[in-house]
Structures are given as C-alpha cells and as structure tokens.
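Subject: Structure for you to look through

Dear colleague,

I am handing over the structure we spoke about, and I would be glad if you opened it beside this message. My notes on what was found follow below it.

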Amino acid sequence: MQKLAKVMFPMSSELVFKVALRGETLLTSPRWNKGTAFTKEERNDFGLTGRLPSRVNTIEEQCERAYDQLRSHESPIQQNSFLQSLKEQNWVLYYSLLSRHLKELTSIIYTPTEAEAIAKYSHLFRRSEGLFLSFPDQDSMEEDFLEQTRGKDIELIVCTDAEAILGIGDQGVGISSAKSAIYALLAGINPAKALSVTLDVGTDNETLLNDYLYVGWPSRRVRGVEYDKFIDKFVQLIRKHHPHCLLHFEDFGVTNAQRLLELYRNEHSVFNDDIQGTGAVTLAALMAAVGVTKSKLADQRYVIFGAGSAGLGIAKQVRDAIILTDGVSREEANKKFYLIDRFGLIKQSLGPDKIRPALLEFVRPDEEWSNVPANDAGEVELLEIVGKVRPTVLIGCSTKGGAFTERVVRTMKEGCERPIIFALSNPSNLVEVDPKDANDWTEGMALLATGSPFPPAKMPNGKDYIIAECNNALIYPGLGFGSMLSQSRQMTDGMIIAGAQRLAALSPALKDPDSGLLPNFQDAPAANLEVAIAVAEQAFDEGIQGVSWSREEVRTKAEDKQWKPVYGRYEYDEQGAK
C-alpha cells in the first residue's frame, strides 16, 4: 500500500503578488479580496484604511467567523447559498474554510445538496457565474466567449447542457461551477484559470417551461443536427483559442454523453466525468478488491445493473483495464460482462430498437439464455442472471432502490467466496442495497462500496467494516490535473487507468481487509495529487505531453503548480494583476 503525504499550505509570507486594483474595486474582486485580513501596510498602499474596520484578522480567525455564520443556517440548501455568497466575495477564505471542514462541506457545495440548488437555481438566482452560451445567441458565440477569456490563461473548461443533472434530470440552465470548485479544492487548480460554461439549448422540463421566473431559454430542447452544430461550434472555439486546456463534459444526457466523448476525444483533451470519472473510481475500488482477494480483473464475472452513461462507462473502463493490465483480447474481455437496463439483460433478441449503438459490444447471444426463465415481455431479470452467471462482481447504477434483494445477494454468495458488491446509485435512498444488509447476508464476506456515504457495517466478530465511498471526487480532479500538468493532447485510456491504479495502490484495505477499499475522503487532496502525478507520467510514457521538461520532474512540477488558498503579501503595481 502506498502512503499518502499530507498536503501542506505554504506560509502566506512566502508569496508576493503584484496587484493593480485599489479601493472598492479590490474589495469586490473575489480573486484578490482579503477582507479584514489586509495588513495595515496594504490598507495604506491600496486605499483601504477607511473602508475596513480597524482590526486585522488572520485567515484562521476569518474561517472561525465564517464557520460560525455557516452553522447559523440550519438547512443544507441555506448553507449552500451562504457558501456561494462567500465564494463571490473571497476565494481564499472560501477554499480555506472548505479545506478545514472538507468532508462536511463538500456535501454542501457538491452532491447531494448541489442537486437541490440546481433544481431551485432560477428562484435562488442572485448573480451569474461563468459563461452562458445560449442557442438563439450563437451568432455572437465567439465574441461572447472572448469577452470572458481574452488575456486569460485558461487551463480548465467545465461545460454542461444540463440534461442529466445529478440524477434529477433535465434542469435547463444547470451550473458547472460546483465541479470547477472541486477541481480547485481537491487538485489545486487555480480558480482564475478555470471557466464554467452552460450550453443552453432549451429544456423539455415542463415545470421550468411554465415557470415565469425561469432564467434560461424557455424553449424545447434543440436536438439532432442543429444541436451538434452548436456543440461543435463551441468545441472548435476552445481548440482555436485554448488548445492545451482540458475540456470537461458534465451532465450531458445519455443520447449525447458517450457520442460526444467519442467524437472529440482524439481531437482534444476531453473528459466526461459521468462516464470516465465514475468508471475510473469504480475501477480503482475493483483493483483494490481483487488485490484483497489475490486475484485479477480478468478472473472476474461482471454483472452491471443499470446500463446508462455511468454503467456503460464502468463496463468500458474495466474492460479496457483488463485488456491493458491482464493481456486479454478485446473480444474475450467483452465476454466477461453482463449488462442490464430497463429491458432486462442486453441480449440479441431485444433488437435494435432496445439496444443503443454504444452497447453493441456487450450484447449477449440468445442461445446462452434459452433455458433461463424470462418475464412476460421476454426479458431476463436480475435474479435469473445472477443465478446463471454466478458473478464475482455485482455493480448497481440503476437508481432502483433495494434491487439487490436478500435472495439476489445470497444467490451471488453461493457462487463465490468473497462477493464484490458495489451499490453506486445516488442519493442513499436509491441505493440498490444497504451495505449493512449486504454484509449480513454474506456473513461479512462481501467487499463493499457505495456511491453515497454510509456508516460502517458490523462484522460477525464485532469489528467495524468500513464502507468505501466511490466518490468521483477522489479521482477526477487528479485525472484532469495530470492532463493539464502535462498539457497532453488527449486524455487517453492509458492515462485514466494509470490514475486508477495509483488510487487503488492507496487503498487502506490492502493493509487491513476490514478497512475501506478507497482512501478516506479527508485524504482526497493528497490522493488526487498522486493520481495527477501518475496520469502525467503516463502521458510522457505515451509521448503525448506538450511540455518541454522531463518525466523525472513530474512530481516537483505538480507540487509547484498547485494553487493554495493563502493570501500572500500584496504590492501595488499599475501593471500588475487584476
């Protein structure tokens, strides 16, 4: 097991910034505002003496005050609004506060609270953040894009069309700023070098269309050729003006997510967290699990319940890892997977109307199932599949709460000594099985992971078994940072697998089988740094890096590049930063 180094922030006195802003303009800049932490000398130099109360506070005192203010808001959505307001005022204080209460507050700014914030976005709206590119205004897209990016060194662009937001579906004008914030918080991406983009192509959400306060374009979603042209126009702008940045696709619908990823991944460094991030963190947990069982990925039989973007992404990510790490052919690797969607098992007789093109590699032949009972619609369901396949790995991303019944789990246990059961659906009320139940039904032999946090389960010997949380935030910031660091021309499968291998090597379960399969979320910043280093090193190995320095410098360059939420010392300079 590889050890995690503690991520340390430099002392603020080590950093000196030349700043061109003064007075009220400086105090209203979230990038440069220090609030009451401006020193007496800075207050004199920047025209702030009469604009601030007398006492100078430390960042620790500011964080304590902000945390007390946060705790005065009772509901998570109120806390989310408070933190959003804080981010609009002072980036350093915002990220310092989050870093000090990482596990508690990530759930407020990210899943699950962010889903509610997005659903109520039009009614909570106070101030816009990021770039909004709307379909009816596409003629001015380049001009609008450059207004936000001209003169900026953009390294990360997170974009969404908001069709598949966090399990709650089409929200029209979603916001991708939460994802960008996680990049800064957990990977040290400078917020000034990140851009959040909403691609507003309308909405089919009747509630939003009938809401006179809805802030997006109140029209039915654009689809087909016109949609593709709009997206392509945006992507080509990025390739033209920021050829080395990472383009992160977020919350695109199932009909577009995989298709767009495949369309652009060979042209630019693009990444889809719903597909590749979910696949990568699940792969890392699986690698850790097979490390515990002293087996290989290629030895497993996989049943994936839920074949949408996440389920298919997991299947492809694990399949590719089997090919690369175990030397199995693509055809043989595909045969190890059994995918289930709303029509039951993906098999030939479902026909083209029920099988998306992206699933074709995983279609099972009908003759395998001629003697297996089917329902009235001719569909083979989960229990029958588990009974026949005897899987060693059962993965759920269906949002069908309780689908992994006691009978399903016990049937699986009959076929293998240590079942690997990952119930990944979010939120927790939609999880396929409560890990406590899965632990009990397998007499403590299951290796478990979930998509939401759960308390430890009791082993038969009375010890606690730590439930790993397959949180994408354990890996996607590091995957992105590694690509940005190396300025790779693509985000390749090899880079993602290298990142997953590094995360798996950090698994506490490799040292103690009763520990979680993945690092504790509190260690996410250190874990993402290790992932980024592995990804950048792999970019060098594949010869697709865009930097002039050497592979041996990756760790030093990564540590030096990370942005830290510290104030530093300001010196006024008319030619300085704004």
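**Cavities and pocket**

The lining of the largest cavity is made up of six nonpolar residues, one polar residue and four charged ones. Please keep in mind while reading that this is a predicted model. In the whole structure, the search finds two cavities of 30 Å³ or more, and the largest cavity holds about 90 Å³ of space. Among the 11 residues that line the largest cavity, Ile175, Ala178, Lys179, Glu250 and Asp251 are the closest to its centre, while helix H7 (113-119) and H10 are the elements that give two or more residues to this lining.

By type, the lining of the second largest pocket divides into 21 nonpolar, 12 polar and 13 charged residues.

In soluble globular proteins, nonpolar side chains tend to be buried together. The largest nonpolar core here has 144 residues, and the members that touch the most others are Leu83, Leu339, Leu503 and Leu517. Helix H14 (residues 273-293) gives the most to this core, namely 11 residues. If neighbours within four places in sequence are set aside, Leu83 is in contact with Leu70, Tyr94, Leu97, Leu98, Ile108 and Ile109. There is also a second, separate core of 31 residues, which includes Phe135, Leu195, Phe234 and Leu237.

**Backbone points to check**

Most residues other than glycine have a negative phi, and most peptide bonds are trans. Lys294, although it is not a glycine, has a positive phi of about 60°, and it is found in the loop between H14 and strand S7 (302-305), where Lys294 is exposed with a relative accessible area of 74%. Thr399, again not a glycine, has a positive phi of about 60° and lies in the loop between strand S10 (393-396) and helix H18 (406-415), but Thr399 counts as partly exposed, at 42% relative accessibility.

With best wishes

How values were computed: Residues numbered from 1 in each chain as written. Predicted model: local features only at pLDDT ≥ 70, side-chain atom pairs only at ≥ 80, totals over all residues. Heavy atoms only, no water. Core = buried A, V, L, I, M, F, W, Y, C linked by side-chain atoms within 4.5 Å. Buried < 20%, exposed > 50% of the residue type's maximum accessible area, 1.4 Å probe, protein only. Helix = DSSP H or I, 4+ residues; strand = E, 2+ residues; numbered from the N terminus. Contact = heavy atoms within 4.5 Å. Nonpolar A, V, L, I, M, F, W, Y, C, P; charged D, E, K, R; others polar. 1 Å grid on protein atoms, 1.4 Å probe; cavity = no way out; pocket = protein on both sides within 12 Å on 5 of 7 lines; lining within 4 Å. Points joined across faces, edges and corners; volume = space filled by probe spheres on them.
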